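Dear colleague,

Please find the structure below, handed over for your reference.

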Amino acid sequence: MPATKDRAGRGRAMPRPFTLWREVLTAYAAPALTAGAAAVATGQRDLAVAAVTSIAGTSAVVAFLVGAWLRNGGRPRRWTTDLPRAAVAVALVVAAAGAAALLGWCAARWLPAHPLVPAGVRPERLRIDLPVSAALATAVITLRWRSAVGHGARPPLNPPAREDTR
């Protein structure tokens, strides 16, 4: 029997460390591949374009913003580690999806009035693509971050003073 105990328990692997660039890359690739595969399977050209632009792009941007905010320079906020994992994820998902829905609504109204938008692009997709992508990316990045950081990972606010040994 090994001298050290596996903290994850028997048969469970320890989560890999939270590396923001890796999480953002995954946040882009996963929806791009799945939505792209759905586009190919159903023959929807607009979905194929959206898969690598609005869907995957939103997912990557949101993953970066939420991951960087959660990380906060390596020091997590107290409420993000003290509240249950699901509560933190739900709170952040609602905030991110709400902001993305507002952005998608504004963009869908603004883009058609401008001639710079290519003919094959359907801006009305943004009303759905942005909030759904933001919600999924926020949920995944928050749960991944919490599993890597764990509960109560914040260092104490008032560390014990060192004794002066002169």
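**How the helices pack**

Helices here are DSSP runs of H or I of at least four residues, numbered from the N terminus. H2 covers residues 45–71 and H5 residues 126–149; their axes come within 8 Å and cross at roughly 40°. Axes are lines fitted to C-alpha atoms, for helices over the stretch in contact, and angles run from 0 to 180 degrees between N-to-C directions. The crossing of H2 and H5 is right-handed, meaning that the near helix is turned clockwise from the far one by less than a right angle.

On the H2 side, the residues in contact (heavy atoms within 4.5 Å) include Ala50, Ser54, Thr58 and Val62, and on the H5 side they include Leu130, Ala134, Ala137 and Trp145. An α-helix has 3.6 residues a turn, so residues three or four places apart point the same way. By class, the contact of H2 with H5 has 12 nonpolar, 7 polar and 2 charged residues; nonpolar covers Ala, Val, Leu, Ile, Met, Phe, Trp, Tyr, Cys and Pro, charged covers Asp, Glu, Lys and Arg, and polar covers the others, Gly among them.

The model is predicted: local features need pLDDT of at least 70 and side-chain atom pairs count only at pLDDT 80 or more, while totals for chains, interfaces and linings use all residues. Residues are numbered from 1 along each chain as its sequence is written, and side-chain values use heavy atoms, with hydrogens and water left out.

H2 also bends, by about 55° at alanine 51, this being the angle between axes fitted to the seven residues ending there and the seven starting there. After H2 comes asparagine 72, which has a positive phi near 45°.

H2 also packs with H1 (residues 20–42), at an angle of about 155° and with the axes 8 Å apart. H1 is therefore roughly antiparallel to H2, and their contact divides into 19 nonpolar, 4 polar and 1 charged residues.

With kind regards

Methods: Helices (H or I, at least four residues) and strands (E, at least two) are DSSP runs, numbered from the N terminus. Angles under 35 degrees count as roughly parallel, over 145 as roughly antiparallel, 65 to 115 as roughly perpendicular and the rest as oblique.
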